[in-house]
Amino acid sequence: MACVSLSCLSQASLSGSRGSTPTKNPIILRSDESSSSRRTLLLQSSGLASLAAIFNFSGTRPDYLGIQKNPPSLALCPPTPNCISTSEEANDPSHYVPPWTYNPEDGRGRKNPATREQAMKELLAVISSTKPENYTPNIVKNTDDYVYVEYQSPYLGFVDDVEFWFPPGNRSLVEYRSASRVGSSDFDANRKRIRALRKALEKKGWQSIGF
C-alpha cells in the first residue's frame, strides 16, 4: 500500500529534490530556524493538497437533495451519525433535530410577525456572515422557499450539504438538514453548525421548537 501520510510525502518531496543519482556527499540543510519553519509549512501544505487530490475529500454532490414529494419534506439521513434532519422521527436522537419558527408565539409572532420574505432575508444574512468551525458557506440554490448551501472545511476541502425549507402553511416554520458527504463521523460539526446558526437567528427573533 502506498504511503500517503504527511511524513511520507515530506520524505518523498525531499528525495525528489536530490535527484535519482546517488551521491556520496551528504546534503547539508541550513540550521536557520525561520527557514526550517517555512520549509516545514510548505511541506505540510503540499502534503495536505496532495492528500485532497488523491482522495477527493469534497465528495460528490448527492442527487437526492431538495424537497421530497411523498410526503413533502427534506430527505432523511443515512444510517451514519454525520447527518441531522428535521424530517427524522423524534425518537431517533442521533439524527432528529427540531424545526425553527421565525414567529414564536411568545416573541415577535404575537405583536410584529415577520413575513416569509423577511425571514428568508434574515436566514441568508446569517448564513453569509456565520462560519461555524471556519467552514466556508457557498449558497448553491436559493428560491422563495428553499436554500441549499455547501459548507467547505478549511482543511482538506471536506464538503457538507445543508438545506433549509420553508414549508407551506401559516406556522412560520423552517425545516433543515445538515449532512457530511464523506466518512461516517463528523465530530459534531453538523450540530455545531446548526447551533451557531440558530443562536444568530435567535438574535433576530427566531426560536427552536420544543428545545
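This note comments, point by point, on a predicted model of a protein chain.

1. Overall make-up. The protein chain contains five helices and seven strands. Their order along the sequence is α-α-β-β-α-α-β-β-β-β-α-β. Of the 211 residues in the protein chain, 37% are buried. When contacts between residues at least 6 apart in sequence are considered, 55% of them join residues at least 24 apart.

2. Geometry of two helices. Two packed helices are described by the angle between their axes and the distance between the axes. Helix α4 covers residues 116–129 and helix α5 covers residues 189–202. Their axes come within 10 Å of each other and cross at roughly 130°. The crossing of α4 past α5 is right-handed.

3. Residues at the helix contact. On the α4 side, the contact is made by Glu 122, Leu 123, Val 126 and Ile 127. On the α5 side, Leu 197, Ala 200 and Leu 201 take part.

4. Aromatic pairs. Five aromatic pairs are present in the structure. One of them joins Trp 100 and Trp 206, whose rings are 6.2 Å apart, centre to centre, with 75° between the planes. Planes over 60 degrees apart count as edge-to-face, so this pair is described as edge-to-face. Trp 100 belongs to strand β2 (residues 100–101), whereas Trp 206 is in the loop between α5 and β7 (207–208). The pair therefore ties together parts that are 106 residues apart in sequence. Both Trp 100 and Trp 206 are buried.

5. The aromatic cluster. Ring pairs connect Trp 100, Tyr 102, Phe 164, Phe 166, Tyr 176 and Trp 206 into a cluster. Tyr 176 is located in strand β6 (residues 173–180). Its relative accessible area is 2%, and buried means under 20%, so Tyr 176 counts as buried.

6. Surroundings of Tyr 176. Leaving aside residues up to four places away in sequence, the residues touched by Tyr 176 include Leu 74, Ile 84, Val 97, Pro 98, Pro 99 and Ile 194. Also among them are Trp 100 and Phe 164, which are members of the aromatic cluster as well. Tyr 146 is 30 residues from Tyr 176 along the chain, and their C-alpha atoms are separated by 9.6 Å.

7. Ser 185 is found in the loop between β6 and α5. With a relative accessible area of 48%, Ser 185 is partly exposed. Ser 185 and Pro 81 are 104 residues apart in sequence, yet their C-alpha atoms are 6.2 Å apart in space.

8. Backbone details to inspect. The peptide bond from Asn 70 to Pro 71 is cis, with omega near -10°. Pro 71 is in the loop between α2 (33–55) and β1 (83–85). Asn 134 is not a glycine, but has a positive phi of about 65°. Asn 134 lies in the loop between α4 and β3 (136–142) and is exposed, with a relative accessible area of 56%. Leu 156, also a residue other than glycine, has a positive phi near 70°. Leu 156 sits in the loop between β4 (146–152) and β5 (159–165), and at 25% relative accessibility Leu 156 counts as partly exposed.

Terms used
Residues are numbered from 1 along each chain as its sequence is written. This is a predicted model: local features need pLDDT of at least 70, side-chain atom pairs count only at pLDDT 80 or more; totals for chains, interfaces and linings use all residues. Side-chain values use heavy atoms; hydrogens and water are left out. Axes are lines fitted to C-alpha atoms, for helices over the stretch in contact, and angles run from 0 to 180 degrees between N-to-C directions. Helices (H or I, at least four residues) and strands (E, at least two) are DSSP runs, numbered from the N terminus. A crossing is left-handed if the near helix is turned anticlockwise from the far one by less than a right angle, and right-handed if clockwise. Contact means heavy atoms within 4.5 Å. Rings of Phe, Tyr and Trp (its six-membered ring) pair if their centres lie within 6.5 Å; planes under 30 degrees apart count as stacked, over 60 as edge-to-face and the rest as tilted. Buried means under 20% relative accessible area, exposed over 50%, partly exposed in between (1.4 Å probe, protein chains only).
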